[in-house]
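I opened this notebook to keep track of what I looked up in one structure, in the order in which I looked. The entries are meant for someone who has not seen it before.

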Amino acid sequence: MIPSGLRHPSLARRLVLLALGWSLTTLIVSAIGLALLFQQAAIRRIDQTLGELIDNLLAGSTVEQSQVFAPPFTDERSLRVYSGRYWEIAEPTADGKIRPLARSHSLFDDVLSAPPDLVERFKARPGRPVHYDTRGPQSEPLRARALQAWLPGRKAPVIFLAAEDRTSIDHDVRGFVAATAIIFVLLGAGLIVAIVIQVRVGLRPLCDRRREVADVRRGKAQRLAAT
């Protein structure tokens, strides 16, 4: 059997529950929004770094007898095997895939994974870079950027790919989410206490008047107290 207090909640309880519902919903939505904004800002920062790496590759690459040669030095981390920063120069094939032409020392004997529809995406949006997430030689999570361009002396297009380990970014995002969750939990607890106190204080005159009415009905008082 449901208690009457739950079937017919008091005015104070209804006000507290309504305020708590709106407040907690606002806090949760705000926390999720902040986490997403922080993550997007971190991803944009790494995308900008990858864009600069591709620009250096594009500016320094040369063509001799239709063969593409990468610049001798692009990035110090790209020279260390499995350093977490990689680049690759490739060309599209007739079957819609890509074939590597040159790659960074950091890839060693591996290649960068690309989306199966990468060539089609370049055709749909010419001159626009493609960003995607993939896995590296050590199965580390990578943020990658690809750009299709044409080099002087070569009729076929060339695809420049750059990728960087996003483990540190994911770690920062998780740390930010954890810190934000703790702050918002404390803030939520404070709101709960503040709402309860506010409702009790705000409804105190009404509760006092209700007791006076009850006293009049029971004959304990002749009339209501003057306000």
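The entries below go from the chain as a whole to its sheet, its aromatic pairs and its salt bridges.

**Entry 1: ground rules.** I noted that this is a predicted model, in which local features need pLDDT of at least 70 and side-chain atom pairs count only at pLDDT 80 or more, while totals for chains, interfaces and linings use all residues. Residues are numbered from 1 along each chain as its sequence is written, and side-chain values use heavy atoms, with hydrogens and water left out.

**Entry 2: the chain.** I found 4 helices and 7 strands in the protein chain, where helices (H or I, at least four residues) and strands (E, at least two) are DSSP runs numbered from the N terminus. Read from the N terminus, the order of elements is α-α-β-β-β-β-α-β-β-β-α. Of the 227 residues, 32% are buried, a term that stands for under 20% relative accessible area, with exposed over 50% and partly exposed in between (1.4 Å probe, protein chains only).

**Entry 3: the sheet.** I then looked at β3 (residues 85–92) and β7 (residues 158–165), which run antiparallel and are joined by 6 bridges. Within β3 and β7, Y86 stands opposite A163.

**Entry 4: aromatic pairs.** I counted 2 aromatic pairs, taking rings of Phe, Tyr and Trp (its six-membered ring) as paired if their centres lie within 6.5 Å, with planes under 30 degrees apart as stacked, over 60 as edge-to-face and the rest as tilted. The ring centres of F38 and F176 are 4.4 Å apart and their planes stand at 5 degrees, so this pair is stacked. Since F38 belongs to helix α2 (residues 11–60) and F176 to helix α4 (residues 167–218), the pair ties together parts that are 138 residues apart in sequence. F38 is partly exposed at 30% relative accessibility, and F176 is partly exposed at 27%. Y82 and F108 form an edge-to-face pair, with 6.2 Å from centre to centre and 85 degrees between the planes. Y82 sits in the loop between β2 (67–69) and β3, and F108 in the loop between β4 and α3 (118–124), 26 residues apart. I noted Y82 as partly exposed at 30%, whereas F108 is exposed at 52%.

**Entry 5: salt bridges.** I counted 9 salt bridges, each being a side-chain nitrogen of Lys or Arg within 4 Å of a carboxyl oxygen of Asp or Glu. D47 and R143 meet at 2.9 Å, N to O, and this pair links helix α2 to strand β6 (residues 141–149) across 96 residues. Is D47 buried or exposed? I found that D47 is buried, and so is R143. R143 also meets D133 in a salt bridge of 3.3 Å, N to O; D133 lies in strand β5 and R143 in strand β6, so the pair ties together parts 10 residues apart in sequence. D133 is partly exposed at 47% relative accessibility, while R143 is buried at 12%. I traced a network of salt bridges that links D47, D133, R143, R166 and D170. Last, I looked up E91 and R99, whose side chains meet at 2.5 Å, N to O; E91 is buried at 10%, and R99 is partly exposed at 43%.

Notes
Pairing = 2+ DSSP bridges.
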